[in-house]
Amino acid sequence: MQQSDQDIRNRLLIARLPAMPQILVRLIEHLQADDLGMSELAALISKDAGMTGKLLAVANSSAYQRQHRNVNLEQSLVALGTDMIKTLVISDSVFQTFNNFPHSGSTDLRAFWKNSLSGAVIARDIARMIDYPHLEEAYLAGLLHNVGRLALLATAPKEYAYNFNARDDEDLCAVEQRTLQITHAEAGAWLIERWQLDSFLADAVLYHHEPSERLESAHPLIRIVRLAHVLSSHTGDEAAVREAAGLCGVDEHQVGQLLNGAARQIEQAAAHLGIDLAGADDIPAPAAHAPPALDPVQQRLSEEVRNMVLVSEVGQSFARQQGETGLLEAMTRSARILFDFGNAVVLLENPTGHALVGAPIQGSQRIAEFAVPLARGGAIAKSALERRPAFVQREGAELGLAEEQLLRMLGTDSLVCVPLVAGTRCLGVLIGGVSAWQLPACQRRARFMQSFGVQAASALETLLSERGHARRQLAHVADEYREASRRVVHEVNNPLAIIKNYLSVLDSKLARQEPVGGEMSILNEEIDRVGQLVQSLADLKPAEAGPRPTDVAKVVEEVQRLFRSTGFVPSSVDIAVSMHDDATRIEGDADVLKQILVNLVKNAIEALGSTGGRIEILNRGHVNRERQLYLELVVSDTGPGLSREVLAHLFSPVKSTKDGAHHGLGLSIVHSLVKKLGGHIACRSGRTGTAFEILLPAWAGTGTGSSVALPARALGSA
């Protein structure tokens, strides 16, 4: 069957070069166990021409933007990263397993592997002998010098299988030219150029069949590969060996060293990889008849299983990505490798769900300025709305402005749209650029592309969900901090008012030369309390201490003394205290209880106003509520009472009629502090006054001590 030159070259671009199964197995083992560094991976990969070519091609493609090309295999692997290497290796192994490469069932790759590795080892040894400085380049050139044969087998297995194991000479090149319009040397060089490897490397592959007299003044790498080819394929042709050796200034003794060294290294590599070379040089050519037809049902089943395995591996790779940019770059790179896209971009649904907007990634920053309204139709919008892949040609009927722009942006004549579908929602569309001749192959893989889009969307949805959760957490913390700030500002007013009044008392006592020790002690306590309140902003959720008892009577006595000593209580207001003789201790922090009582007494004084009245702090003893023992405290006043509306919203942070930005928070803070102690609070109010009834957990411990070290810890915020 005759193939046009352009057609065979196009097919070469997307051909999957086979690798030795033993090398694939070893690579997968090491990649799954993550027990090899890049240098060890490079050493293993460099034993196979097909895998080396594939990884070099990807590493030097536009999917990995860089300022310079990588000829060094280890550098190329570093550029790819472990995830992409794993994707490529598993992808190739899956394709070979389920595609029964190369569809003939009779092609043995051992002779080719032996010849390629022999050429690589010999080329490196020649480079060392003649002091050529680029040993790695020589090795790669020797390894890839016959990669065109592998590519032709992968591209046209039916036409080329018969010639794959034929003697590698000028007669083979003539047959290739006649049947495929391209020789394996031309095919290999053309591929290396498309892989963006060094031009000298491509020339070395292209000219390895040239007569020696034409290469006398050629670049050293070309002469090295010519000699390596002759020694690996034509050792029995003494004239050819002598001429090729003369190109490199290598004598007969050195030729023997090269052959012996290569033989030892090939045997060691074969033993290490478990490759049996017995009879590898005597493999018969396959029969020149058409391969048996494949069962279409079995072929479909193999394709579905293959796609499932690949999609699973791709999904795992996506799940390992960090951040939206990393995930989007992994998506576009994987799509370019798996579907042979020349370039790829991602459009994501905007917050309103009315348009797709470009997602900027490395090498495609301006795509962020691109938008596709979903309501205006077109192939891209249709793909997103119908959640199905779409295939767009430049002459297509559905070619709108957005599609025309993307065709120019991606520098191609056809587009493949892969919707990113998560459940019933399309998160966006991945768009790849391909040549028109690639569209039929892409259309045959539509189901695979759809599965790929689902995996990508799943990873993207998880990432967006995590990002939204993080934003909600930050917003919650910010709200907590704002609320805590308002409460602290409100609470600081209490000790500041006490300090101000005590300073007045202190001034009077000093004028009368009376002792001020007690007042100084209280001032120090209140100053410490202000510091603790401010410090509580730094820790919205302070560490919980173990349970400890607090003597309610002592705290009430301290609060009463604070108000009386400062003159804060008008003479018209009477504060009465009635404590229970037995039930005096609660389980909780004395500072928190003090803050509750200060707020309630202060509010009661303000409620009585200038007319005066009575405030009572009463300990009613123990109460059993819901099978738990509490101590009941009541703070009551004989004021005018509260309206029904105020009583209904009493413990909510509302704006009161008192002056100041933070008034109206006091009872909200009291409620939260009571809850902090594990208690309950209720309010009764009528014409005869208002009473706040507080239930606080009774102390159930066995200790006899009490805790009234009033500024002992930060009050925090509730």
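I started with Glu626, which lies in the loop between strand E10 (613–625) and strand E11 (628–637). This is a predicted model, where local features need pLDDT of at least 70, side-chain atom pairs count only at pLDDT 80 or more, and totals for chains, interfaces and linings use all residues. I number residues from 1 along each chain as its sequence is written, and side-chain values use heavy atoms, with hydrogens and water left out.

I looked up the backbone of Glu626 and found a positive phi of about 50°, although Glu626 is not a glycine. Most residues other than glycine have a negative phi. Glu626 is exposed, at 72% relative accessible area (exposed is over 50%, buried under 20%, partly exposed in between, with a 1.4 Å probe and protein chains only).

Next came Arg627, in the loop between E10 and E11. Arg627 is not a glycine either, yet has a positive phi of about 65°. I noted Arg627 as exposed too, with 82% relative accessibility.

Then I turned to helix H25 (residues 644–648), where I found Leu647; helices (H or I, at least four residues) and strands (E, at least two) are DSSP runs, numbered from the N terminus. Leu647 counts as partly exposed because its relative accessibility is 32%.

Last, I checked the whole chain. I have 26 helices and 13 strands on my page, and 50% of the 718 residues count as buried. Among contacts (heavy atoms within 4.5 Å) with a separation of 6 or more, 69% come from residues 24 or more positions apart.
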